[in-house]
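Visitor: Hi, could you walk me through this one? I'm new here.
Guide: Happy to, let's look together.
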Amino acid sequence: MLMKEYRICMPLTVEEYRIGQLYMISKHSCVQSGGGEGVEVIKNEPDTHPQHGPGQLTEKRIYLNSKLPSWAKAFVPRFFYVTEKAWNFYPYTITEYSISYLPKFNIRIETRFENNNGNNNNVFEDTPTPAENVIFLDILSDPIPEKHYEESEDPGRWQSSKTGRGPLEKGWRDDYKPIMCSYKRVQCSFEVYGLQTKTEEFIHKNIRDILLVGHRQAVAWIDEWHGLSLEEVREYEQAMQEKTNSKVKSNTGSPAASRPVFSRSISVTDERSLKKMGVTTAAMSDPSLSSVPQSPMRLNSTPE
């Protein structure tokens, strides 16, 4: 298991980001979906946790086969999805990703938001993350994949007409006000001999990119969501979910869930190899056993 703690600061307050986070995730998911791939929202409803109290539970399916590297496609069925389950007890959230036919694959992300510049070394109030596993991500200076770059979302060029904030300058995290930090403790595991290190590093690379893009967008889109009430942003969220689900299903014109989840035939040799990897091969012929969890490989769905 590979665990890292990411810390991403934004020129916002925790109170503001409660609205900005919901807006950004909904819009981002819609923008990144289409042609049968992207994020399908299965469930979004109030939920009460015995430890964390009232919150919101969401469940999503992420279709992303074309986004996988070639080495991963070698053992992944042609049609598959990852399931994301997220519990939002703002300012604390839990997000889990899994794939039903790969029981040895798991990602868990704990998030806490605080009004500081990332200087809390025990934000989760248990065992502090070792310093070598703490990674500060700077939305201004850290690079993102070229395909995700938008000049209007560049913090060095951005300026908010509603709040007067921006553009950000080098060293902004030292004295900018307001400032908040998104602390994310990410644990990923893929305990398969010969693939574990490569897969876990690939996951963290994609999570890093997703976090940078998502947090940049939350800031850049501030004039779109700033001033909305929680009820208004929930209405926007519902409308965008319906639009996003429609885009995901647009490739075939029928519900994504009705597509054959696993359609690639495998030889006896392949099946034995998959069993050694912990793959439940029975699921490949039984659509009812299709996946539930989600993976950060596509931040269609930005980890909450």
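Visitor: How many bridges join strand 4 to strand 5?
Guide: Seven, and the two strands run antiparallel. Strands here are DSSP runs of E with at least two residues, and helices are runs of H or I with at least four, numbered from the N terminus. Two strands pair if DSSP finds at least two bridges between them. This is a predicted model, where local features need pLDDT of at least 70, side-chain atom pairs count only at pLDDT 80 or more, and totals for chains, interfaces and linings use all residues. Residues are numbered from 1 along each chain as its sequence is written, and side-chain values use heavy atoms, leaving out hydrogens and water.

Visitor: Which residue in strand 5 is the bridge partner of Trp 87?
Guide: Ile 94. A hairpin through two residues links strand 4 to strand 5.

Visitor: And what about strand 3 and strand 4, how do they pair?
Guide: They pair in the antiparallel sense, over eight bridges. Glu 59, for example, has Lys 85 in strand 4 as its bridge partner.

Visitor: Is strand 4 largely enclosed or open?
Guide: Largely enclosed by the rest of the structure, because eight of its nine residues are buried. Buried means under 20% relative accessible area, exposed over 50%, and partly exposed in between, with a 1.4 Å probe and protein chains only.

Visitor: New topic: which exposed residues does helix 5 carry on the face turned away from its buried side?
Guide: Glu 231, Glu 235 and Glu 242. Among the buried residues of helix 5 are Val 233 and Met 240.
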